[in-house]
Amino acid sequence: MTRSPADLMRVNLLEVFNEHDPDRRAAVIAEAYAEDVVWHEPDRINHGRTEFARRAAELLAENPDWVFQPAGAASELDDIGHLGFQWGPSDGRPPLVSGMDIARNRDGVIIELYTIVAGVRQSS
């Protein structure tokens with residue numbers, strides 16, 4: 001089944017970056033991203049599914065009780081999808097990080113992902 005760019009943005013946020021089970025996360029990555037996916041973070045570039053999965057696991061391990069939430073609806077234009085996000089404690093406190101993921105897609109998979117961090121608040 002081919003997913004739309006908006007569908008892939010929701011999968012990226014909710015089924016990869018909110019998934020703490022490494023096997024389930026790996027299965028989604030294998031299905032939703034190109035083998036040679038490139039992920040541009042503010043301070044690094046990750047090449048390929050293996051590096052993508054390793055880095056996603058690192059982020060989840062750094063803040064194991066944090067969750068990602070969509071900040072609005074996912075949208076798309078041609079082969080580009082984007083979705084704003086918030087990231088923070090799962091206990092109901094306000095999110096501490098806000099940003100947006102933008103992805104180029106081809107043949108129903110993400111080939112390139114850009115993560116833009118728009119704001120970071122200090123925890124209280």
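Student: Is Val97 buried or exposed in this predicted model?
Tutor: Val97 sits in strand E6, residues 97-106. Its relative accessibility is 12%. The cut-off for buried is under 20%. Val97 therefore counts as buried.

Student: Which residues is Val97 in contact with, leaving aside neighbours within four places in sequence?
Tutor: Contact means heavy atoms within 4.5 Å. With its neighbours within four places left aside, Val97 touches Trp66, Phe85, Gln86, Trp87, Val117 and Gly119.

Student: What separation do the C-alpha atoms of Val97 and Leu8 have?
Tutor: Along the chain, Val97 and Leu8 are 89 residues apart. Between their C-alpha atoms the separation is 21 Å.

Student: How many residues of strand E1 are buried?
Tutor: E1 covers residues 33-41, nine in total. The strand is mostly covered. The buried count is seven.

Student: Do E1 and E7 run parallel or antiparallel, and what about E1 and E2?
Tutor: Four bridges join E1 to E7, residues 109-120. There, Tyr33 stands opposite Ile110. Four bridges also join E1 to E2, residues 44-47, with Glu41 opposite Arg44. E1 with E7 is parallel; E1 with E2 is antiparallel.

Student: How many residues lie between E1 and E2 in their hairpin?
Tutor: E1 and E2 are joined by four bridges and run antiparallel. They form a hairpin. The number of residues between them is two.

Student: Are H2 and H3 parallel or oblique to each other?
Tutor: H2 is residues 22-32 and H3 is residues 48-62. They pack at about 140°, with axes 10 Å apart. Roughly antiparallel needs an angle over 145 degrees. H2 and H3 are therefore oblique.

Student: Is the crossing of H2 and H3 left-handed or right-handed, and how do its contact residues divide?
Tutor: From H2 come Arg25, Ile29 and Ala30. They meet Arg49, Phe52, Ala53, Ala56, Ala57 and Leu60 in H3. These contact residues divide into seven nonpolar, no polar and two charged. The crossing is right-handed.

Student: What is phi of Asp78, and is the residue buried or exposed?
Tutor: Most residues other than glycine have a negative phi. Asp78 lies in the loop between E4 (75-77) and E5 (80-89). At 69% relative accessibility it counts as exposed. Its phi is positive, near 55°.

Student: Where is Asp107, and what relative accessible area does it have?
Tutor: Asp107 is in the loop between E6 and E7. It is not a glycine, yet its phi is positive, about 55°. Asp107 is exposed, and its relative accessible area is 70%.

Definitions and conventions. Residues are numbered from 1 along each chain as its sequence is written. This is a predicted model: local features need pLDDT of at least 70, side-chain atom pairs count only at pLDDT 80 or more; totals for chains, interfaces and linings use all residues. Side-chain values use heavy atoms; hydrogens and water are left out. Buried means under 20% relative accessible area, exposed over 50%, partly exposed in between (1.4 Å probe, protein chains only). Two strands pair if DSSP finds at least two bridges between them. Axes are lines fitted to C-alpha atoms, for helices over the stretch in contact, and angles run from 0 to 180 degrees between N-to-C directions. Angles under 35 degrees count as roughly parallel, over 145 as roughly antiparallel, 65 to 115 as roughly perpendicular and the rest as oblique. A crossing is left-handed if the near helix is turned anticlockwise from the far one by less than a right angle, and right-handed if clockwise. Ala, Val, Leu, Ile, Met, Phe, Trp, Tyr, Cys and Pro count as nonpolar, Asp, Glu, Lys and Arg as charged, and the others, Gly among them, as polar.
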